[in-house]
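The following exercises concern the structure shown below. Please examine it before reading each worked solution.

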Amino acid sequence: MSKLKPVLSAHWDEADSFTLEGYRRNGGYAAVKKALDMEPDAVIQLIKDSGLRGRGGAGFPTGMKWGFIPQNDGKDHYLVVNADESEPGTCKDMPLLMANPHSLIEGIIIGSYAIRANYAFIYLRGEVVHVYRRVQKAIEDAYAAGLLGKNINGKGFDLELVLHAGAGAYICGEETALLDSLEGFRGQPRLRPPFPAIAGLYARPTVVNNVESIASVPAIVANGVEWFQAMGTEKSKGFTLYSLSGHVKNPGQFEAPLGITLRELLEMAGGIREGHTLKFWTPGGSSTPMFTQEHLDVPLDYEGVGAAGSMLGTKALQIFDETTCVVRAVLRWTEFYKHESCGKCTPCREGTWWLVQALKELEAGRGTSADLDKLLDIVDNIAGRSFCALADGAASPIVSSMKYFREEYQRHLDLGSCPFDPIASTLFAGARA
Amino acid sequence: MTTDVAVEMITVVIDGFEVTVPKGTLIIRAAEKLGIQIPRFCDHPLLAPAGACRQCLVDVEINGRAFPKPQASCTIPVEPNMIVKTQLTSPVAEKAQKGIMELLLINHPLDCPVCDKGGECPLQNQAMSTGRTESRFTGVKRTFEKPVNISSQVLLDRERCVLCARCTRFSEQIAGDPFITLNERGALQQVGIYEKDPFNSYFSGNTVQICPVGALTGASYRFRARPFDLVSTPSACEHCAAGCALRTDVRRGKTLRRLAGDDASVNEEWNCDKGRWAFKYISSKERVTSPLVRGEDGELHEASWPEALAKAAAGLAGKRAGVLVGGRVTVEDAYGYSKFARVALGTNNIDFRSRPHTDEEAAFLASTAVSLQTTYTDIDKADHVVLVNFEPEDESPIVFLRVYKQVRKRSIAVTTVAPFASRGSEKLNATVVSSFDQVKNLTEKSVVLVGERAAEVPGLLSAIAAHTTAKIAWIPRRSGERGALHAGALGNLLPGGRPVSDASARVDIQSAWGVQSLPTDIGLSTSEILASLSTPGGLEAAVVGGVDPADISADALGQLLNTFVVSLEISHSAVTAIADVVLPVAAVTEKAGTFLDWEGRARNFDQAIEGALTRSDVRILSMIADEMKKPIALPSVTSAAKELASLGTWDGAKVSKPSVSSANKVSVSGNEAVLTSWRQLIDLGSLQAGEENLAGTARPTVAVISAKRADALGVKNGDHLKISTDRGSVTVPAQIAAISDESIWLPRNSQGSQTIVTFGAAEGCLVTVVKA
């Protein structure tokens with residue numbers, strides 16, 4: 001178990017980890033004290049120095065993002081936390097908010113102070129009502145404790161924190177669509193420039209950060225840059241939450257330094273389910289090109305995954321064993337993207353509509369190998385042609401599955417049907433009478 | 001923008017060719033300058049970039065660094081050291097564009113053979129230039145019920161829509177009427193309305209015009225014609241003084257459609273729904289098709305032209321006469337009336353104001369308005385726009401769009417001298433004041449837009465004429481008034497702004513016209529002419545061109561009853577019904593001519609209906625004058641235009657400015673209120689006759705009262721009020737707004753509220769208001 005490095009998840013097993021008392025007992029809100037005694041710019045510099053990178057998927061340096069906010073411009077600034085966790089396979093922010101909401105609130109106070117924001121927002125996906133209630137209670141408790149509101153800790157810093165429930169759209173995880181949605185419009189990505197750092201929420205300088213990025217800030221402030229830098233790899237510093245799901249014995253969240261491998265994570269998760277072998281997996285949700293057995297030792301940091309042809313993404317490791325039909329899995333993902341396409345731009349809107357129909361035909365074994373080439377050509381006309389990255393995500397599973405499993409697609413066509421028993425891949429496979 | 005500083009120029013290379021364009025120019029438009037057409041749908045030069053359709057993808061490189069993916073050329077401004085490769089030189093861009101086109105068509109019904117847009121469709125054209133010969137899509141298309149009425153005028157075929165958002169962006173960014181929006185998501189995304197709030201914008205027709213597919217169609221044109229059967233003629237709009245360039249499309253002699261023309265300095269690419277969709281009057285069954293002469297039996301009978309002209313000439317010869325000119329004549333026709341009055345009838349009794357008017361206004365027009373040179377460009381640069389008794393959205397919609405553009409772009413101040421904040425004023429964030437002397441912060445960059453209704457408030461035009469700081473513009477509602485003023489169709493003015501009272505001005509005209517003398521007395525005004533006609537010993541005959549007496553006063557028609565009337569009209573009307581001689585004249589699409597818009601800018605147009613048998617007023621007046629042996633020698637529109645141009649404009653002394661002091665406030669008590677009103681854009685105007693689809697988007701008729709009055713009467717919004725004088729009454733739903741407690745506002749000429757017909761007045765009269 002030595003590979004694990006629980007920081008955010010260190011006290012998840014305590015019955016009251018989510019309460020203000022529980023958080024405080026474990027040293028919570030000490031970092032705020034420290035930060036409010038620093039100059040805001042020094043806080044930004046500290047986060048820059050730590051090398052913390054965005055945990056929402058793109059891995060953009062958090063401190064640099066904060067540094068983009070024009071200072072002394074006389075305008076309101078906003079900090080917006082992206083808690084619209086919806087990437088298939090991703091399950092890190094929601095358990096974090098259930099078990100340790102105050103780490104986020106503390107991070108928000110520090111981040112807002114650093115970028116001189118007096119208003120902060122948490123944009124939470126609307127389906128998770130239990131999380132909403134828990135975060136709402138935590139915010140109330142923080143207000144009651146004088147950690148939010150006027151003159152925080154008597155340091156003259158004011159911060160209002162608003163929790164906003166989205167209405168269930170994957171696209172609202174895209175930061176500009178999130179801002180539109182937060183403003184009360186339909187969530188569709190905005191044209192950039194202007195970037196949110198210049199004209200974000202209500203056309204004011206705005207930082208949009210992922211839950212985990214902000215929740216990691218208090219630990220960095222409390223323990224220092226060196227402590228943080230001691231973890232991770234050269235360009236990917238620190239700890240992070242990996243979520244393992246699918247055909248593993250013990251799925252769940254594993255907090256470890258960046259750069260850990262799937263082989264190591266699988267050991268901790270008890271391995272692939274009994275009697276089966278790994279077939280393919282995603283390193284960071286369905287939008288990241290899939291990996292196979294041969295990638296078990298790829299270091300799971302931004303560079304390592306990138307070098308192997310995928311992206312670290314949200315570190316959502318979806319594990320599929322040999323019972324899974326890759327065509328069927330890709331079809332399911334594609335249906336998700338079709339459902340979630342916002343409709344703004346042509347390639348994503350029309351492309352996902354087409355891809356679902358094309359994949360359904362292939363999964364049913366109808367078509368020829370020319371149709372496989374056609375599928376790749378359609379994807380080529382979608383990926384990199386769309387307004388935002390949603391369509392790129394939709395293209396990823398298709399391109400990567402065709403790269404590693406083209407013969408399996410072909411087998412469908414040769415057979416005229418799917419060669420797999422869909423029940424075999426389910427949890428209730430053995431229960432069949 | 002606001003100042004004329006030199007714009008930084010940037011040179012970029014597109015497909016190997018250098019082009020230099022102003023900083024901020026988008027790649028797609030820089031390419032246009034080279035003649036390189038990048039296909040596009042969502043891009044529109046007057047709308048903010050969307051980048052939604054992705055059809056215009058090109059390869060871009062800056063300072064030697066290439067973007068990894070093709071970029072939407074409609075969203076990226078040019079930069080120094082930029083190299084762009086379009087579909088002409090980049091295989092990647094070419095494939096990207098072809099890919100997008102294929103995707104755009106997978107859910108498109110391809111029902112071009114039954115689509116109005118077929119033949120003039122950007123999707124069709126660009127599918128030919130950029131698409132594949134056959135789709136590889138063999139699946140199921142998305143289908144919708146078709147079409148959906150999003151207003152009584154506009155129909156939406158969702159299946160055809162490519163979701164470019166031009167229509168929704170237009171409505172929000174240009175018209176300020178965000179009544180349509182995109183709903184749903186993914187391939188089910190669609191344009192929609194809030195079910196209780198249809199697309200009732202005065203500018204909705206523009207969305208039909210800029211729709212790059214056949215998704216939005218006009219109810220009155222749908223399925224009527226194929227573009228290739230139409231003959232198109234550039235025209236000018238006759239509906240108001242905004243001066244829109246139009247295109248008139250005619251098939252086999254019938255006007256089927258009018259579109260906004262492009263004129264960057266006037267209407268940009270827009271027009272209002274009235275200008276677009278009110279033209280059925282031209283082909284109405286009520287058109288006068290041959291000369292009519294009243295016989296011994298008292299009835300009108302068809303007559304030959306020689307007979308009718310002889311009758312008209314005989315009736316006018318040697319009589320004391322007056323000439324009433326409607327507000328929609330062309331400059332050439334107005335010049336014909338002006339010269340006819342002076343030469344053939346020997347009088348200055350001519351007035352183009354067929355609406356409430358005063359002598360103060362005549363003095364303002366002759367001294368000030370006739371030479372005003374304020375333009376749309378001044379609005380573009382203004383720091384503050386003041387509206388004086390002028391509701392641009394109702395009375396000159398393109399002026400509204402222009403002011404709104406600057407309100408959006410530069411947040412300029414707008415002040416309106418008005419009884420309350422109309423919807424248009426609310427969109428302009430206008431500050432409402434009750435009189436001109438309350439207007440603050442006027443600089444030399446401010447623009448004061450004065451409406452024709454300023455004449456209805458004593459002293460107001462005197463104050464305007466005396467103002468010296470800001471730029472002044474006079475914006476009449478009708479298209480012909482500025483031209484008629486220039487042509488001298490007014491009792492105190494000769495053509496070119498020459499005062500009748502000035503001997504040397506008269507000599508100018510005398511010599512040009514080759515006449516011995518011109519009448520020297522200042523002519524009577526419209527109301528004076530009418531009064532005199534019905535007075536024994538007064539005027540004995542009238543020439544009436546396109547005037548609706550109900551626009552002037554409730555008594556006007558009666559005043560014409562016992563006199564010799566020659567009516568020049570396009571359609572049967574109250575005047576033709578009592579006229580002695582009726583002479584049919586050409587409607588605007590049947591003739592050539594010129595309007596002067598409110599700026600004084602000439603808006604020339606050609607005959608759109610080729611071979612129309614009807615003639616312009618000036619030609620007919622010339623024939624009557626010949627018959628009277630007092631020729632005016634204007635046998636054609638061209639000859640009138642040439643002669644007027646040769647006269648030039650007067651640079652001598654002007655008529656003195658008016659100096660009327662303002663009237664005391666009328667005091668009201670009890671249920672009394674002071675009436676105030678204006679004409680809404682879409683109302684009962686005679687040129688809108690028969691346009692049911694257009695009428696469906698008229699704003700509802702309401703009576704605007706203050707909250708205090710509403711309380712006193714015990715009425716809520718929507719409760720009916722009865723408004724009456726001893727002449728008549730109307731019953732109209734109440735709308736409570738911030739209007740003065742003494743006032744009540746009614747639409748001047750809308751369904752259920754015609755103030756001149758009912759009360760004999762439009763402004764300032766006392767009415768009694770009770771709960772109905």
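Helices (H or I, at least four residues) and strands (E, at least two) are DSSP runs, numbered from the N terminus. This is a predicted model, in which local features need pLDDT of at least 70, side-chain atom pairs count only at pLDDT 80 or more, and totals for chains, interfaces and linings use all residues. Residues are numbered from 1 along each chain as its sequence is written, while chains are lettered from A and ligands numbered from 1 in the order in which they are written.

**Exercise 1.** State how many helices and strands chain B has.

Solution. Chain B has 24 helices and 38 strands. Its C-alpha atoms fill a box of roughly 90 × 65 × 55 Å along the principal axes.

**Exercise 2.** Determine the strand order of the open sheet of 7 strands in chain B, and its edges.

Solution. Step one: the order is 16-15-28-27-26-17-18, with mixed pairing; two strands pair if DSSP finds at least two bridges between them. Step two: strand 16 (300-302) and strand 18 (350-351) of chain B are the edge strands, each pairing on one side only. Step three: strand 15 (residues 292-294) of chain B runs antiparallel to strand 16 of chain B, joined by 3 bridges. Here Val293(B) stands opposite His301(B).

**Exercise 3.** Describe the contact between chain A and chain B.

Solution. Two residues are in contact if their C-beta atoms, placed from the backbone, lie within 7 Å. Chain A provides 24 residues and chain B 28 residues. Helix 15 of chain A gives the most to the side of chain A that touches chain B, with 9 residues.
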